[in-house]
Amino acid sequence: ISVSGRAAKQRNLLFVLAMCARLGTEGIRLKAYALTRTICRTPTDLFEFLELAKQLWRPAAETVKKGAKGAKCTKGTKALPLELRPAEKGAKGAKVKKVSPFMKGNGWGPIARREIAAWYNLKTPADLAYSSTKYRHRQGWTHRDVFRVMHPKPATPDHAGIFEYLCKGPDAVAKIPDGETRRFLTAVEKA
């Protein structure tokens, strides 16, 4: 439905995709992140997916204090079962709770990094330059934010130049190899 353009809005699909990518088993996460290449056609879709995934991750980062009367929830963590909530570091009497294997780390593991990098690298340099200048920031994300979190490695010298342009601004256009992409970005900066 999404790929054929029959969905009225992408948000519901992106939410389910983010749920699968963040809360699923490893196999489901692999498939969900692989689908971001086709479902997230524009940077707007990608940024919305990343924001939804980030919001889904937040409850696991909340803390639980264990006192004499049992566990107390802090900062709205009532939705998560106690075994999925880590104990607060340094809290008096805090006991470490088991954390689900898919809730470890900061949430942007190798699967996410590889697939988001593929989202950028599988686009032609011309398409990437056009879409990244048209959709510079959405949903509180910019391309620079994505690069800061995901650390994608460029596939070609043109991709490397575009990545540098998106991170460092118009001064980086001079480092892009001569061609269609450089002419386009120069024209964008002059406009």
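Let me begin with a term: a residue is called buried when its relative accessible area is under 20%, exposed when over 50%, and partly exposed in between, using a 1.4 Å probe and protein chains only. What we have here is a predicted model, in which local features need pLDDT of at least 70 and side-chain atom pairs count only at pLDDT 80 or more, while totals for chains, interfaces and linings use all residues. Residues are numbered from 1 along each chain as its sequence is written, and side-chain values use heavy atoms, with hydrogens and water left out.

With that term in hand, consider Q139, which sits in the loop between β3 (137-138) and β4 (141-142); helices (H or I, at least four residues) and strands (E, at least two) are DSSP runs, numbered from the N terminus. Q139 is partly exposed, its relative accessible area being 38%, and its phi is near 55°, a positive value in a residue other than glycine. Most residues other than glycine have a negative phi. H151, in the loop between α6 and α7, also has a positive phi, of about 50°, although it is not a glycine, and H151 is partly exposed at 46%.

Which residues touch the most other members of the largest nonpolar core? Among its 36 residues they are F49, L50, W108, Y120 and V146, where a nonpolar core means buried Ala, Val, Leu, Ile, Met, Phe, Trp, Tyr and Cys residues joined through side-chain atoms within 4.5 Å. The helix that gives the most to this core is α3, with seven residues. Leaving aside residues up to four places away in sequence, V146 touches F47, L50, I116, Y120, W141 and H151, a contact being heavy atoms within 4.5 Å.

Let me turn to α7, whose twelve residues reach 16 Å from first C-alpha to last, close to the 16 Å expected at 1.5 Å a residue, the expected span being 1.5 Å times one less than the number of residues. In α7, the residues H159, G161, I162, F163, Y165 and L166 are buried, and the buried residues of this helix pack against α4, α5, α6 and α8 (180-190). After α7 comes G169, with a positive phi near 95°.
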